[in-house]
Amino acid sequence: MPLSAKILASGTGWSVRDFRCTSGPRDPRYEEKHNVYSIALVTEGTFQYRTAQGSALMTPGSLLLGNEGACFECGHQHSRGDRCLAFHFSPELLESVVAAVPGAKQLVLTAPRLPPLPSVLAVLAAAHALRDEGEGPGEFRELALRVAETVYGALNEGSSASRRAPTPRDERRVAAALRRIEAQQGARLSVDELAAEAAVSPFHFLRIFERVVGVTPGQYMLRARLHRAAVRLRRCGDTIAAVASDCGFDDLSTFNRQFRRATGLTPGAYRARRAPLR
């Protein structure tokens with residue numbers, strides 16, 4: 001499979017790699033195996049992921065979860081290419097993390113994916129920014145532990161009621177909408193507009209989008225804008241108002257409120273800390 005990996009940092013029991021894949025709809029699926037526990041942030045592209053815990057459409061902002069020794073398949077039926085920031089862990093290191101998370105009792109990652117959740121936004125934006133900034137191993141080690149802690153915490157908050165699994169047709173429709181959202185970053189796309197392009201009613205589109213992605217279209221687009229804003233705040237010196245505007249927020253007070261609700265910090269405080277893990 002056309003896959004490249006660049007190791008960014010590593011240490012005892014952990015490593016961080018930047019994966020790029022150029023597979024497309026005509027490329028075959030390959031069965032692979034997780035040699036270690038894996039938590040990978042999808043930063044670009046969409047693809048199908050299947051493992052023993054289930055299958056899911058991976059989207060920008062979601063987390064791919066893999067257990068040590070588990071076989072898995074990835075496929076690009078709807079688009080070409082993706083990029084992921086992957087954190088790999090040994091069982092010994094994760095045991096210390098799980099022991100510190102309230103309610104966590106096992107190392108097994110019980111889901112194939114975590115959707116873009118508010119509880120993981122800050123740590124994922126920090127991971128994305130560190131990759132692009134080329135920071136050293138010290139920064140990545142602390143971040144790797146935070147990522148693991150956040151994921152196990154989210155998995156043990158309780159699972160939602162079971163729902164009908166999305167059909168391949170549902171996935172195709174949602175994947176097309178995700179490509180449009182990703183291509184028009186910062187644009188205000190309405191549910192009615194996305195539903196019309198998918199040739200379904202707005203109500204049906206809301207239902208299939210949440211089944212496939214794990215959050216509603218509005219939640220997904222808001223969190224994608226907040227994610228981009230958090231990365232921008234770390235990487236550039238533009239004013240907060242300029243960052244908010246570029247990321248699709250027309251009102252600065254609304255941006256400040258939404259950002260604080262998602263990260264626990266105002267945009268100014270987040271920028272001032274620069275390295276939130278210290």
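The exercises below concern a predicted model.

**Exercise 1.** Determine how helices H4 and H5 are oriented to each other, and which residues form their contact.

*Solution.* 
Step 1. Two packed helices are described by the angle between their axes and the distance between the axes.
Step 2. Helix H4 spans residues 168-183 and helix H5 residues 191-198; their axes lie 9 Å apart, at an angle of about 130°.
Step 3. H4 and H5 are therefore oblique to each other, and their crossing is right-handed.
Step 4. H4 contributes Arg 173, Ala 177, Arg 180 and Ile 181 to the contact, while H5 contributes Glu 193, Leu 194, Glu 197 and Ala 198.
Step 5. By class, the residues of this contact are four nonpolar, no polar and four charged.

**Exercise 2.** Carry out the corresponding analysis for H2 and H7.

*Solution.* 
Step 1. Helix H2 covers residues 118-133, and helix H7 covers residues 217-235.
Step 2. The two pack at an angle of about 45°, with their axes 9 Å apart.
Step 3. The crossing of H2 and H7 is right-handed.
Step 4. Among the H2 residues in the contact are Leu 121, Leu 124, His 128 and Asp 132; the H7 residues include Leu 226, His 227, Ala 230 and Arg 234.
Step 5. The contact of H2 with H7 has ten nonpolar, two polar and five charged residues.

**Exercise 3.** Describe the largest cavity: what is its volume, and which residues line it?

*Solution.* 
Step 1. Two cavities of 30 Å³ or more are counted.
Step 2. The largest cavity holds about 60 Å³ of space.
Step 3. Its lining consists of Ile 181, Gln 184, Gln 185, Gly 186, Ala 187, Leu 189, Met 221, Ala 224, Arg 225 and Arg 228.
Step 4. H7 supplies the largest share of this lining, four residues.
Step 5. The lining divides into five nonpolar, three polar and two charged residues.

**Exercise 4.** Characterise the second largest pocket: which elements supply its lining?

*Solution.* 
Step 1. The second largest pocket has a volume of about 560 Å³.
Step 2. Of its 27 lining residues, Thr 43, His 128, Ala 224, His 227 and Arg 228 lie nearest the centre.
Step 3. Strand S4 (37-45), H2, H4 and H7 each give two or more residues to the lining, and the largest share, eight residues, comes from H7.
Step 4. By class, the lining comprises 13 nonpolar, six polar and eight charged residues.

How values were computed:
Residues numbered from 1 in each chain as written. Predicted model: local features only at pLDDT ≥ 70, side-chain atom pairs only at ≥ 80, totals over all residues. Heavy atoms only, no water. Axes fitted to C-alpha atoms, helices over the stretch in contact; angles between N-to-C directions. Parallel < 35°, antiparallel > 145°, perpendicular 65-115°, else oblique. Left-handed = near helix turned anticlockwise from the far one by under 90°. Contact = heavy atoms within 4.5 Å. Nonpolar A, V, L, I, M, F, W, Y, C, P; charged D, E, K, R; others polar. 1 Å grid on protein atoms, 1.4 Å probe; cavity = no way out; pocket = protein on both sides within 12 Å on 5 of 7 lines; lining within 4 Å. Points joined across faces, edges and corners; volume = space filled by probe spheres on them.
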